[in-house]
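Please look over the sequence and the structure shown here before reading on. The briefing below goes through some of the structure's features by topic.

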Amino acid sequence: MMGIPVDGPLFVYCDNKSVINNTFIPESTLQKKSNSIAYHFVHEGCAKEELRICYVDIHSNLADLMTKMLAGGEKQTNLVQKVLWYI
């Protein structure tokens, strides 16, 4: 995939259920050209079984730690602990 050898399908985790549904519905249309290009790339990857789109709960999404401002609290503590577990 994209020049990197991968054994088996690549799992893509997403916390937006409507985006996940659009990857499986060929009749869905998108308004912006950049979104349309990305959609067709993902839809084609799913059809070839190179990609698998999976839902991740908002409280378990590790990407939020790097992309959003999180107030100090239980969610931030849990995400930091999960990240440090893998290091």
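A nonpolar surface patch is formed by Ile 4, Val 6, Leu 10 and Val 12, which together have about 300 Å² of accessible area. Accessible areas come from the Shrake-Rupley method with a 1.4 Å probe, and for residues only the protein chains shown count as cover. A patch is made of residues with over 30% relative accessible area and no salt bridge, where like charges are joined within 9 Å and nonpolar side chains (Val, Leu, Ile, Met, Phe, Trp, Tyr) within 5 Å. A salt bridge is a side-chain nitrogen of Lys or Arg within 4 Å of a carboxyl oxygen of Asp or Glu.

This is a predicted model, in which local features need pLDDT of at least 70 and side-chain atom pairs count only at pLDDT 80 or more, while totals for chains, interfaces and linings use all residues. Residues are numbered from 1 along each chain as its sequence is written, and side-chain values use heavy atoms, with hydrogens and water left out.

**Confidence**

- The protein chain has an average pLDDT (the predictor's confidence in each residue, from 0 to 100) of 75, and 75% of the residues score at least 70.
- Confidence in the protein chain is highest in S2, at 86, and lowest in helix H3 (residues 63–67), at a mean of 71.
- Helices (H or I, at least four residues) and strands (E, at least two) are DSSP runs, numbered from the N terminus.
- Where pLDDT is low, the predicted coordinates should not be read in detail.

**Exposed residues**

- Ile 4 lies in the segment before strand S1 (10–14).
- Ile 4 counts as exposed because its relative accessibility is 55%; exposed means over 50% relative accessible area, buried under 20%, and partly exposed in between (1.4 Å probe, protein chains only).
- Glu 49 sits in the loop between helix H2 (33–47) and strand S2 (51–55).
- Glu 49 is not a glycine, yet it has a positive phi of about 60°.
- With 56% relative accessibility, Glu 49 counts as exposed.

**Ile 53**

- Ile 53 belongs to strand S2 and counts as buried, at 15% relative accessibility.
- Apart from neighbours within four places in sequence, Ile 53 is in contact (heavy atoms within 4.5 Å) with Val 12, Ile 20, Thr 23, Val 42 and Cys 46.
- From C-alpha to C-alpha, Ile 53 and Phe 24 are 9.4 Å apart in space, and they are 29 residues apart in sequence.

- Cys 14 counts as buried because its relative accessibility is 16%.
- Cys 46 is in no disulfide (a pair of cysteine sulfur atoms within 2.5 Å), and the nearest cysteine sulfur, that of Cys 54, is 9.4 Å away.
- Cys 46 counts as buried, at 15% relative accessibility.
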